[in-house]
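Please open the model in your viewer and keep the sequence panel beside it. The stops below say what to select and what is found there.

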Amino acid sequence: MRGLPDMQQDTSTAAVWENAFVDAVGPLRRGDIVAHELDGEGIMYDPRSADTHRLNASAWFIWNCCDGRHAPSDIAARLADSFDVNPAQALHHVHAAIDQFHKVLLITEPRVVPLDTQGQGSARAINRHPAAPSTLRSGSPRPESASA
Amino acid sequence: MNPLFSSDPSHEFTRRYRIGVVRAALTTPVSALLDEHAALYADFETAASDGPEIQVRVSPQPFSLRHRRRFDVSVNRRVQFTPARRAELLPYVEWAINWEVPRLLPRCLHLHASALCVNGHGIILPGASGSGKSTLAAGLLTRGWQYLCDEFAIIDPHTFHVLPYPRALCIKKPSFPAIASVGLATHGRHHLKGTKGYVGFIQPARLRSNALASACPVRIIVFPRYTPGAAPRLRSVHRAEAAFALHHVCFNLLDHRTPALEIIAQLVRGADCYELVSGELRATCDLVHDLVRRTLATHSSAPGRVEVA
């Protein structure tokens with residue numbers, strides 16, 4: 001399982017898992033990505049692949065919304081508020097950006113939680129985990145907003 | 001025995017140098033090579049080692065039925081190059097030292113860039129080989145700029161200052177007319193440098209008494225791209241774009257990994273960033289010189305105080 005290092009460190013507390021997965025309704029950025037904002041744009045480094053990514057302002061905005069607590073539609077609404085795009089365009093951009101983030105593994109992949117010894121806790125977690133597969137399934141065109 | 005082809009250690013001599021933040025020692029029985037190297041770095045020669053140094057040894061290997069005649073150029077006892085021709089030795093010695101600089105200063109970030117200084121403000125010219133860094137740096141030195149380094153911009157990870165390593169500028173033969181147009185000439189004979197053909201060296205310390213700079217903060221980053229015949233022009237570059245580009249010219253990225261991005265991000269936060277299409281050298285120097293004069297005048301607390309030649 002990747003992308004939730006803080007949660008993984010505290011797996012002994014079932015409530016943490018439960019709350020985390022209940023709260024996770026949208027795409028979640030990987031916690032080990034090193035990211036810096038520079039004049040509204042983003043530059044990030046993936047320590048696993050040693051790749052560097054540059055995100056323009058809108059992609060950086062979307063990335064920062066990928067905290068697992070916002071569905072793409074929520075992110076699109078925020079994007080439309082902050083940038084000069086209508087809601088439909090915003091949703092298109094969000095899907096495209098998330099698709100690109102997923103392709104370059106900047107956000108978590110669909111989660112496969114290993115079974116614990118009772119074989120129940122993790123199963124519950126999977127059931128409760130709305131890892132937004134619809135987001136990851138979206139066949140959006142390549143976004144202009146993220147470049148590697 | 002001809003010392004040129006002697007492998008007898010008793011024929012070897014060593015000269016030590018402290019070139020800015022880099023200490024290096026050259027050991028060889030090839031006296032002509034020692035003299036050529038000393039002609040470039042006599043101002044930096046030291047009597048004894050006073051710290052970690054890069055040890056370069058050039059050992060002539062005798063011709064045999066199994067091996068062609070060659071010179072082993074080793075760095076810290078590892079053979080790195082085996083040039084066959086005498087004219088290749090000095091460039092390979094320079095190359096061998098460069099090869100080892102990131103290991104000598106592992107905490108620093110090493111960017112593929114020329115670095116200069118105007119009134120205590122650092123200007124770095126990052127770019128891949130062939131982008132025109134060295135030729136542009138040579139041209140700007142004739143405008144009163146001070147020299148920090150060619151090929152390397154060595155960035156201190158704590159102060160984010162660019163550190164001095166005033167190695168000789170290596171100018172490729174096709175650029176000889178350009179540097180002649182600004183009144184410069186390479187020092188001594190020309191040398192063969194691998195696939196790059198003939199090169200010549202310019203030691204900025206020899207140009208004038210105050211040609212070398214001390215460590216200074218980076219204020220301007222200019223990415224040159226030489227385009228023959230092009231009218232020189234500048235384009236302002238977003239800091240994220242600059243950081244992205246710097247990441248790709250970082251020699252020791254894999255050693256630093258995560259901290260490298262933090263150092264680069266901090267570096268560009270304090271700098272104005274530009275992309276330069278460079279053409280004719282004199283016109284390009286005019287453009288860059290004017291940019292720097294205006295930029296530093298804007299940054300200066302006392303406008304008009306900035307004085308450059």
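Predicted model: local features only at pLDDT ≥ 70, side-chain atom pairs only at ≥ 80, totals over all residues.

Residues are numbered from 1 along each chain as its sequence is written, chains are lettered from A and ligands numbered from 1 in the order in which they are written, and side-chain values use heavy atoms, with hydrogens and water left out.

**Stop 1: chain A**

Select chain A, which has seven helices and four strands. Of its 148 residues, 43% are buried (buried is under 20% relative accessible area, exposed over 50%, partly exposed in between; 1.4 Å probe, protein chains only). Now pick A:Arg30 and A:Asp32, which form a salt bridge with their closest N and O atoms 3.0 Å apart. A salt bridge here is a side-chain nitrogen of Lys or Arg within 4 Å of a carboxyl oxygen of Asp or Glu. A:Arg30 is buried, at 4% relative accessible area, whereas A:Asp32 is partly exposed at 27%.

**Stop 2: where the chains meet**

Show both chains. In contact (heavy atoms within 4.5 Å) are 15 residues of chain B and 16 residues of chain A. Together the chains bury about 1500 Å², 68% of it on carbon and sulfur atoms; this is the accessible area (1.4 Å probe) that two parts lose on being put together, summed over both. Select B:His238, B:Phe244 and B:Leu261: these supply 36% of the area that chain B buries against chain A, more than any other three residues.

Two salt bridges are counted between the chains. B:Arg239 forms a salt bridge with A:Asp39, the closest N and O atoms lying 2.7 Å apart. On chain B, α5 (239–247) and α7 (258–269) each supply at least two residues of the side that touches chain A.

**Stop 3: the core of chain B**

Select B:Ile54, B:Ile97, B:Val101 and B:Tyr165. Within the largest nonpolar core, which has 39 residues, these touch the most other members. A nonpolar core is a set of buried Ala, Val, Leu, Ile, Met, Phe, Trp, Tyr and Cys residues joined through side-chain atoms within 4.5 Å. Elements giving two or more residues to this core include β1 (13–19), β4 (54–61) and α2 (89–104) of chain B; α2(B) gives the most, with eight.

**Stop 4: a pair on α2**

B:Arg167 and B:Glu94 form a salt bridge, with 3.6 Å between the closest N and O atoms. Both residues are buried.

**Stop 5: α3 and a glycine**

Are the residues of helix α3 (residues 133–141) of chain B buried or exposed? Nine of the nine are buried, so the helix is largely enclosed by the rest of the structure. One of them is B:Gly139. The C-alpha atom of B:Gly139 is 8.8 Å from that of B:Gly183, 44 residues apart along the chain. B:Gly183 sits in the loop between α4 (176–181) and β13 (187–192) and counts as exposed, at 64% relative accessibility.
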